[in-house]
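User: Could you walk me through how to read a few features of a structure like this one? I would like the general idea each time, and then the case at hand.

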Amino acid sequence: MDSTLANASKQATSERLGGAVGIAGFARLDHEPFPQFAAGSIWLVGAGPGAPGLLSLLAYHALQNCDTIVYDALVNADLLRWARPGAQIEYAGKRGGKPSPRQRDISLRLIELARTGRRVLRLKGGDPLIFGRGGEEAAQIAKAGIPFRIVPGISAGIGGLAYAGIPATHRDVNHSVIFLTGHDATGALPANVDWPAVATASPVIVMYMAVKHLVEIASELMAGGRSPEDEVAIISNATLPHQELHQTRLGDISAFLASFSPPTPAIVVVGQTSERREALDWYCKALRENRIG
Ligand SMILES: C[S@@+](CC[C@H](N)C(=O)[O-])C[C@H]1O[C@@H](n2cnc3c(N)ncnc32)[C@H](O)[C@@H]1O
């Protein structure tokens, strides 16, 4: 590029950024036209699977501009230090098997806070609409006539696989992928999953909340035609420095779980994964020391 062109381009960029050229790093974002987080509204935001660096820019903007944060059990609390100083922080976590607030009470609390004119950030693990009850919360908020926005997050079934070096799809392996949950609202194995169809529909199955019923799930999949030789990868605490990966085979699940309890939260992946995983296992010890991701 000749110097006249380079200068014109630099000036155009500077104008576009509101004269922000020269401002370094995140401060530059202050000049971007982010959507206004209006008083009395609720933003339903995905925090990603754990690593703070996996937060989206809109999520970061919401943290910086909210009055109240209501966060879930699986949100990495490290993220909360990026909240606007003075923001009120409330915990509303639901964990299977532990005393938890009722879903309806959480939604009512969000509505109550918004009605006092606060800018309410509802921060949820992963993506709010993937096995996260975000749809239920949004429906209640919409019914109450509160303005809201949904900010997607990186779901554990996507980000967790990437941090374990497991491609969710690969042209040589699968042209489809299934995401399913291993338990329903009561904690039981979901009754409305068509296991024979799931077993044959996709070479790769990514399962949330599946550890508790894994023996039953493995039997259903094998009864539906999956080979006992199919690989199973269990990714615990994905994207965090204490991430662990354990591998077994579908037919060996029972014996595997008899001798070992994988830490939770965990994502379970059924399908041909290990061949590439060894080459793609990038999240090494040195990188984990960086707590951002
Ligand atoms: C209630 S669901 C929430 C899913 C979330 N909305 C998402 O999109 O990732 C909770 C389940 O997500 C999975 N999960 C969430 N965070 C995880 C993490 N850091 N590592 C492994 N699994 C995780 C586990 O299967 C856990 O039981």
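User: What share of the 293 residues in the protein chain is made up of buried residues?

Analyst: A note on the model before the answer: it is predicted, with local features needing pLDDT of at least 70 and side-chain atom pairs counting only at pLDDT 80 or more, while totals for chains, interfaces and linings use all residues. Residues are numbered from 1 along each chain as its sequence is written, and side-chain values use heavy atoms, with hydrogens and water left out. Buried means under 20% relative accessible area, exposed means over 50%, and partly exposed is in between (1.4 Å probe, protein chains only). In this protein chain, 44% of the 293 residues are buried.

User: How many salt bridges does the structure hold?

Analyst: A salt bridge is a side-chain nitrogen of Lys or Arg within 4 Å of a carboxyl oxygen of Asp or Glu. The structure holds twelve. One of them pairs Asp78 with Arg291, with the closest N and O atoms 2.9 Å apart. Asp78 sits in the loop between strand E2 (68-71) and strand E3 (88-91), and Arg291 in the segment after helix H10 (285-288), so this pair ties together parts that are 213 residues apart in sequence. Arg291 is exposed, at 52% relative accessible area.

User: Which helix holds both Glu112 and Arg109?

Analyst: Helix H3 (residues 103-115) holds both, and they are three residues apart, about one turn of the helix.

User: Is Arg277 buried or exposed?

Analyst: Arg277 is buried, because its relative accessible area is 11%. Its side chain meets that of Asp281 in a salt bridge (3.3 Å, N to O), and Asp281 is partly exposed at 38%. Salt bridges can also join into a network, as with Asp72, Arg122, Lys124 and Glu137.

User: Which residues form a nonpolar patch on the surface?

Analyst: Patches are made of residues with over 30% relative accessible area and no salt bridge, joining like charges within 9 Å and nonpolar side chains (Val, Leu, Ile, Met, Phe, Trp, Tyr) within 5 Å. The patch here consists of Ile130, Phe131, Ile154, Ile158, Phe179 and Met209, with about 460 Å² of accessible area together. Those areas come from the Shrake-Rupley method with a 1.4 Å probe, and for residues only the protein chains shown count as cover. Met209 is in the loop between strand E7 (204-208) and helix H7 (214-223), and its 35% relative accessibility makes it partly exposed.

User: Which residues line the largest cavity?

Analyst: Rolling a probe the size of a water molecule over the atoms shows where empty space is left. On a 1 Å grid over the protein atoms alone, a cavity is a set of points where a 1.4 Å probe fits but cannot get out, and lining residues have an atom within 4 Å of a point. The lining is Pro167, Thr169, His170, Val173, Asn174, Val204, Gln272, Thr273 and Arg276.

Methods: Helix = DSSP H or I, 4+ residues; strand = E, 2+ residues; numbered from the N terminus. 1 Å grid on protein atoms, 1.4 Å probe; cavity = no way out; pocket = protein on both sides within 12 Å on 5 of 7 lines; lining within 4 Å.
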